[in-house]
Amino acid sequence: MQDVLIIGWGISGRGAARLLNAHGVKVSVYCDEEIDLTDFTYVENVVGKSPFDIVNGKDLVVVSPSVATEHPIVEYAKKYSIPVIGEIELGYRFCKGKIVAVTGTNGKTTTTKLIGDILNKGGKKAYTLGNIGKSFCENVDAIARDEIAVLEVSSFQLESVKEFRPLIASCLNVTPDHMERHKNMQNYAMSKFNIFINQGEDDYAVLNYDDEITKNFSDRICGKVFYTSARNSVKGAYIKDGKIYLNLDKECEFMSLDEIPLKGNYNYQNVMTAIITCKLLGIGDGDIVKAVREFKSPKYRNEFMGKFLGKNFFNDSKATNIDSTLKACNCMQGDTALIVGGYDKGIAYDGFFSSLPQNIKHIIATGDNVYSMMQFLPSYHEYTFEITSSLQRAAELAVSKQVDNVLFSPTTSSFDRYSGYVERGEHFDMIVNSIKSEGERGE
């Protein structure tokens, strides 16, 4: 591996380049935009060259998660039998420590962060990396043999795995998402299953028993399988009478749901996954319970901003799919104005509209997907539906409604206008704080 081509120059691409540079590997980058290579050695941007010249002589191609497997340069590399992998796969090949991996449509960040918190508070050195916003490759050389990489991995990252083999892998749920990339649910589900594909009999898998797709993954998993459930007694962790019970080697009561700051069955699934994972890694019950009690949700996951102008404001910018938004809507107490819209993923919204709780009284849509969303609007509905040009105007319209809550929960990704959900969440924070200040001056 002496000459590597990286396609894409985001967090993953830069992390891969830094890792390869540190190991003396020559790197070429293919990126449509002008990029700053000041801090890199042996790196050049080869955009503008012919496909043959770009891949000629390369030992390996590393694709960023945002790069589709059908990208012309990727196809050209495959034509000439050049191996193509992703950044997660590259990091795995350099990793000396144990690997824990978490995937699912929703809850990945919360679960990854919680596992990392529990491990670090329980005396293990753990790094939370991957889709959580920190490149695995950029940090992998720092991970010692007795330390743990806790990776959040997306379907995009799992598409390109070859040898990636986590000691403990979990899939939290699989609901419709990223149809613009995967085309159908079967392809999407199979990309998620790739997290388990290389596991052996000494590895562990944690599955959500209440999710039909993830539950059925167990038939093809070689490792030891544990489940989580809010409805059934299972081998793993389950809820009964307001408490979490564990059944790993023997059944026992573990902790009360009242002790958990995250509420709702979907959050309890995340917590149970983290508990099983950390128990398998040898963390004591007391350390796990203490870390769960003290856990704080990731930024912009249905985050309460405060009550002012007679309304509760919630920033759920992290809701990048329909299922996540529906969960946020079901958490609202009282009449709610919902702000939605963003990048067009090619998702059908009929299931979204039919599943909305009755407390959603107004929907304000803004972003690239508003008209594709509107085509699924039912002919009869008990809420208003408005389209507007900007998030600023959407927030102003929501504030003008006679409601108890204003919920920003987009249902989709942010890439139509933002670099990611964090930048989108920060913009909504700024807008709401500006509206609050203007309202206070007017009183």
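**Exercise 1. In this predicted model, find which residues have the most contacts inside the largest nonpolar core, and state which helix gives the most to this core.**

Solution. The largest nonpolar core has 52 residues, and within it Leu-90, Phe-136 and Phe-196 are those with the most contacts. Turning to the elements that supply this core, helix 1, which spans residues 11-22, gives the most, with 4 residues. As general background, nonpolar side chains in soluble globular proteins tend to be buried together.

**Exercise 2. Determine which residues of helix 3 are buried, and explain why they line one face of the helix.**

Solution. Begin with the buried residues of helix 3 (residues 72-79), which are Ile-73, Val-74 and Ala-77. Viewed down the helix axis, these buried residues fall within an arc of 105°, and therefore they line one face of helix 3. The next step is to look at the other side of helix 3, where Pro-72 and Lys-79 are exposed. Then ask what covers the buried residues: the cover includes strand 1 (3-7), strand 2 (26-30) and helix 2 (51-55), together with strand 4 (60-63) and strand 5 (84-86). Finally, follow the chain just past helix 3, where Ser-81 takes a positive phi of about 60°.

**Exercise 3. Examine the salt bridges Arg-18 to Glu-138, Lys-279 to Asp-285 and Asp-323 to Lys-327, and work out where their partners lie.**

Solution. A search of the whole structure finds 15 salt bridges. In the pair formed by the side chains of Arg-18 and Glu-138, the N to O distance is 3.4 Å. Because Arg-18 belongs to helix 1 and Glu-138 to helix 6 (residues 136-140), this pair ties together parts that are 120 residues apart in sequence. Arg-18 counts as partly exposed at 32% relative accessibility, and Glu-138 likewise counts as partly exposed, at 41%.

For Lys-279 and Asp-285, the closest N and O atoms are 2.7 Å apart. Lys-279 has a relative accessible area of 28% and is partly exposed, while Asp-285, with 36%, is also partly exposed.

The side chains of Asp-323 and Lys-327 meet at 3.0 Å, N to O. Since these two residues are 4 residues apart in helix 13 (residues 322-331), about one helical turn separates them. Both Asp-323 and Lys-327 are buried, each having under 20% relative accessible area. Elsewhere, salt bridges that share partners join Glu-89, Arg-93 and Glu-163 into one network.

**Exercise 4. Locate Gly-122, and decide which residues it touches beyond its sequence neighbours.**

Solution. Gly-122 is placed in the loop between helix 5 (108-121) and strand 7 (126-130), and at 24% relative accessibility it counts as partly exposed. Leaving aside residues up to four places away in sequence, Gly-122 touches Ile-283 and Asp-287. A further comparison sets sequence against space: Gly-122 and Ala-291 are 169 residues apart in sequence, yet their C-alpha atoms are 8.5 Å apart.

**Exercise 5. Identify which residues make the nonpolar surface patch of about 280 Å².**

Solution. The patch is made by Tyr-371, Met-374 and Ile-387. Of these residues, Ile-387 can be assigned to strand 19 (residues 384-387), and its relative accessibility of 30% makes it count as partly exposed.

Key. Residues are numbered from 1 along each chain as its sequence is written. This is a predicted model: local features need pLDDT of at least 70, side-chain atom pairs count only at pLDDT 80 or more; totals for chains, interfaces and linings use all residues. Side-chain values use heavy atoms; hydrogens and water are left out. Buried means under 20% relative accessible area, exposed over 50%, partly exposed in between (1.4 Å probe, protein chains only). The arc is that of the directions from the helix axis to the C-beta atoms. Contact means heavy atoms within 4.5 Å. Patches are made of residues with over 30% relative accessible area and no salt bridge: like charges are joined within 9 Å, nonpolar side chains (Val, Leu, Ile, Met, Phe, Trp, Tyr) within 5 Å. Accessible areas come from the Shrake-Rupley method with a 1.4 Å probe; for residues, only the protein chains shown count as cover. A salt bridge is a side-chain nitrogen of Lys or Arg within 4 Å of a carboxyl oxygen of Asp or Glu. A nonpolar core is a set of buried Ala, Val, Leu, Ile, Met, Phe, Trp, Tyr and Cys residues joined through side-chain atoms within 4.5 Å.
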